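The following exercises are intended for a reader who meets this structure for the first time. Please work through each task before reading its solution.

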Amino acid sequence: MQFSNNGDFTFVSSTEAQELSGTIAAPDIKVNMDSDSGKDPYATAFLRQRGYGWLLEVEEEDSEESKPLLEELDIDLKDIYYKIRCVLMPVPSLGYNRQVVRDNPDFWGPLAVVLLFSMISIYGQFRVVSWIITIWIFGSLTIFLLARVLGGEVSYGQVLGVIGYSLLPLIVIAPLLLVIGGFELSGVFWAAYSAASLLVGDEFKSKKPLLIYPIFLLYIYFLSLYTGV
């Protein structure tokens, strides 16, 4: 076999003295220089081989828009405003669905009412705020346990919400007490009636006074924190 410089060859057989000639074509080799070859450099390949490829992963941004803060905290201002009107106007003839205060309890509305009552009661004594919140929590727990003993089907969250919202009458009469006075018991009766009418269900209406009385005492104590008597 004889080769030439241009890639041609000639094969000469020694036995039959025949010549075979042809051309060897060089393979068409293309080097892929695309950007994909640079996506996995040596350091990246090393990390992936060692099992640390997760370090190179990039979290995809959440496509969903962030929810408003009030929605994140589960605060419905329209619902709170409606419940405030139900508590302040506990007359069935007005057409309010007052049972929504009990059946759909929330935390932020009653907490705002309790804090508002605390702010008008402190007179510079900020320790009263924590004490009023404590009375609200444990007083509601007492009313809840009593209601369950009497056969009521209420949850602690429902009692907590109703007792908190029903402080609104005391907040309403608070400015009147500074000017006129003598409206203490009317505010207590208003608050106690609003709370009891929501908490006393059909299942134990015959035992209604047994629940109204401790509710009445609870609001008298709330009022004493405000008046200092």
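**Exercise 1.** Determine whether Leu-73 counts as buried, partly exposed or exposed, and state where it lies.

*Solution.* In this predicted model, Leu-73 is placed in the loop between H2 and H3. Its relative accessibility is 39%. Partly exposed residues fall between the limit for buried, under 20%, and the limit for exposed, over 50%; Leu-73 therefore counts as partly exposed. On the surface, Leu-73 belongs to a nonpolar patch with Leu-69, Phe-107 and Trp-108. Together these residues have about 400 Å² of accessible area.

**Exercise 2.** Identify the residues that gather in a patch of negative charge on the surface, and describe the setting of Asp-76.

*Solution.* The patch consists of Glu-71, Glu-72, Asp-74 and Asp-76. Asp-76 is found in the loop between helix H2 (69-72) and helix H3 (77-88). With a relative accessibility of 44%, Asp-76 counts as partly exposed.

**Exercise 3.** Trace the salt bridges formed by Lys-83, and explain which parts of the chain the pair with Asp-106 ties together.

*Solution.* Begin with the general principle: side chains of opposite charge can pair when their charged atoms come close. Lys-83 forms a salt bridge with Asp-79, and the closest N and O atoms are 3.0 Å apart. Because these two residues are 4 residues apart in helix H3, about one helical turn separates Lys-83 and Asp-79.

Next, Lys-83 forms a salt bridge with Asp-106, with the closest N and O atoms 2.7 Å apart. Lys-83 lies in helix H3, whereas Asp-106 lies in the loop between helix H4 (99-103) and helix H5 (108-121), so the pair ties together parts that are 23 residues apart in sequence.

Then consider burial. Lys-83 has a relative accessible area of 0% and is buried; Asp-106, at 19%, also counts as buried. Finally, salt bridges with shared partners join Asp-79, Lys-83 and Asp-106 into one network. The structure holds 2 salt bridges.

**Exercise 4.** Locate Phe-144, and list the residues it touches beyond four places away in sequence.

*Solution.* Phe-144 is in helix H6 (residues 127-149). Its relative accessible area is 17%, which is under the 20% limit, so Phe-144 is buried. Its contacts beyond four places in sequence are Val-154, Ser-155, Tyr-156 and Val-159. Between Phe-144 and Gly-157, the C-alpha to C-alpha distance is 9.1 Å, and the two are 13 residues apart in sequence.

Terms used. Residues are numbered from 1 along each chain as its sequence is written. This is a predicted model: local features need pLDDT of at least 70, side-chain atom pairs count only at pLDDT 80 or more; totals for chains, interfaces and linings use all residues. Side-chain values use heavy atoms; hydrogens and water are left out. Patches are made of residues with over 30% relative accessible area and no salt bridge: like charges are joined within 9 Å, nonpolar side chains (Val, Leu, Ile, Met, Phe, Trp, Tyr) within 5 Å. Accessible areas come from the Shrake-Rupley method with a 1.4 Å probe; for residues, only the protein chains shown count as cover. A salt bridge is a side-chain nitrogen of Lys or Arg within 4 Å of a carboxyl oxygen of Asp or Glu. Lys and Arg count as positive and Asp and Glu as negative; His and the chain ends are not counted. The place of a charge is taken as NZ of Lys, CZ of Arg, CG of Asp or CD of Glu. Buried means under 20% relative accessible area, exposed over 50%, partly exposed in between (1.4 Å probe, protein chains only). Contact means heavy atoms within 4.5 Å.
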